[in-house]
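Subject: Handover of a structure and findings

Dear colleague,

Please find below the structure that I am handing over to you. My findings follow it, and I would be grateful if you would read them with the structure open.

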Amino acid sequence: MAAELPETMTAMGFDDPGGPEVLRPETLPVPRPGENQVLIRVSHAGINRPDVIQRQGFYPPPPGVSPIPGLEVAGTVAAVGEGVLPEMAGQRVCALVSGGGYAEYCLADAKHCLSVPEAMKMDAAAAIPETLFTVWHNVFQRGWASDGDTLLVHGGTSGIGTMAIQLAKAFDIAVIATAGSEEKCQAIRDLGADLAINYKTQDFVEEVKAFTGGTGVDIVLDMVSGEYVARNIECLADDGRHVTIAVLGGLKAEINMATVMRKRLVLTGSTLRPRSDEFKALLADDINEQAWHLFEDATIAPVMDRIFPLVEAGAAHARMEAGDHIGKIVLEVAPR
């Protein structure tokens with residue numbers, strides 16, 4: 001199949017960091033899969049906040065990774081490298097990648113791929129891997145979520161937020177989520193959240209205390225950080241877990257460590273992109289065993305916001321930065 005590959009492809013890159021307008025199409029050689037890799041002919045690619053931060057110049061790709069943005073794709077396996085089962089060629093897959101997703105072809109570790117059922121549309125499949133891997137690791141592995149727990153999610157209508165709400169509800173976890181408008185709060189309720197809080201008009205600390213009868217939540221999934229951390233700690237129950245996955249509100253926080261000790265809290269966090277291939281493969285295995293069936297039978301489906309053509313990646317970034325989206329923004333590369 002490698003012999004049938006074209007020599008070049010279109011990708012969306014940028015020369016210097018800047019606003020959404022710096023993204024522009026370029027012609028690049030089609031990469032060839034190495035050991036344990038597959039080459040995916042991309043149908044759709046998901047847009048994620050780290051893509052925006054990379055374009056702004058604050059999140060460079062790890063060494064050896066494509067400088068082209070894009071952390072998740074869906075498509076058809078066009079070629080396989082050494083060590084990959086030949087029958088993977090031609091399969092429909094979605095994949096978590098470390099970069100290179102905004103292109104007609106993208107390399108992925110074969111063990112970071114999830115099989116896409118025929119009933120699932122490729123645009124939806126492309127909207128899953130980054131948020132699913134992130135939420136599964138941080139809420140269920142690092143946050144030790146289990147049935148009967150209560151989860152507080154900030155940014156409830158983001159890709160991460162909508163995924164976290166649905167996954168938590170599927171595992172009998174109560175969900176409280178925040179958003180910045182009544183429209184977004186209603187979207188959160190429609191997804192099954194037990195309480196939606198408009199953080200612009202309500203004090204989420206007081207609302208959490210009222211909802212939980214003063215007990216607090218078991219887990220906070222925090223994408224804000226900064227001054228939110230101290231307030232999140234007020235929301236946590238004894239033995240609660242605070243998991244940070246982004247720092248949109250600031251890199252530093254001032255907290256009362258006596259409260260941490262008194263409540264026996266766990267403060268943790270992670271970033272996914274720099275983790276080893278081995279770690280991501282183990283994470284994919286766990287997702288396959290524990291959660292992927294929920295997507296195969298459509299118990300969970302990604303919330304879709306808008307789909308942009310590949311060449312309009314800049315407009316897609318502008319929409320994400322505006323903050324008006326609900327759910328996932330996706331690029332259409334070569335639909336099939």
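A residue is called exposed when its relative accessible area is over 50%, buried when that area is under 20%, and partly exposed in between. Please note that this is a predicted model.

By this criterion W144 is exposed, because its relative accessible area is 51%. W144 is not a glycine, yet its phi is positive, at about 55°. This residue is located in the loop between α3 (129-142) and β8.

S225 also has a positive phi, near 60°, and is likewise a residue other than glycine. Is S225 buried or exposed? S225 has a relative accessible area of 7%, and since the limit for buried is under 20%, it is buried. Its place is in the loop between β11 (217-222) and α7 (228-235).

Overall architecture

Turning to the chain as a whole, 11 helices and 15 strands are assigned. The radius of gyration is 20 Å, close to the 20 Å given by the globule rule for 336 residues, so the chain is as compact as a globular protein of that length. The C-alpha trace spans about 65 × 40 × 35 Å along its principal axes. Buried residues make up 54% of the 336 in the chain. Of the contacts between residues at least 6 apart in sequence, 69% join residues at least 24 apart.

Strand β3 and its partners

Strand β3 (residues 37-46) is mostly covered, with eight of its 10 residues buried. Which strands does β3 pair with in the antiparallel sense? The pairings are as follows.

- Strand β4 (residues 72-80) is joined to β3 by seven bridges, in the antiparallel sense; here V42 stands opposite G75 of β4.
- Strand β6 (residues 105-109) runs antiparallel to β3, with five bridges between them; C106 in β6 is the bridge partner of I40.
- Strand β15 (residues 328-332) is also antiparallel to β3, over three bridges; in this pairing H44 stands opposite E332 of β15.

Strands β8 and β9

Strand β9 (residues 174-179) is mostly covered as well, five of its six residues being buried. Strand β8 (residues 150-153) runs parallel to β9, and four bridges join the two. V153 has A177 in β9 as its bridge partner.

N198 in strand β10

N198 is placed in strand β10 (residues 195-198). With a relative accessibility of 10%, N198 counts as buried. Which residues does N198 contact, leaving aside its neighbours within four places in sequence? They are A179, G180, S181, E182 and C185. A210, which is 12 residues from N198 along the chain, has its C-alpha atom 15 Å from that of N198.

Yours sincerely

Conventions: Residues are numbered from 1 along each chain as its sequence is written. This is a predicted model: local features need pLDDT of at least 70, side-chain atom pairs count only at pLDDT 80 or more; totals for chains, interfaces and linings use all residues. Side-chain values use heavy atoms; hydrogens and water are left out. The radius of gyration is taken over C-alpha atoms; the globule rule is 2.2 Å times the number of residues to the power 0.38. Buried means under 20% relative accessible area, exposed over 50%, partly exposed in between (1.4 Å probe, protein chains only). Contact means heavy atoms within 4.5 Å. Two strands pair if DSSP finds at least two bridges between them.
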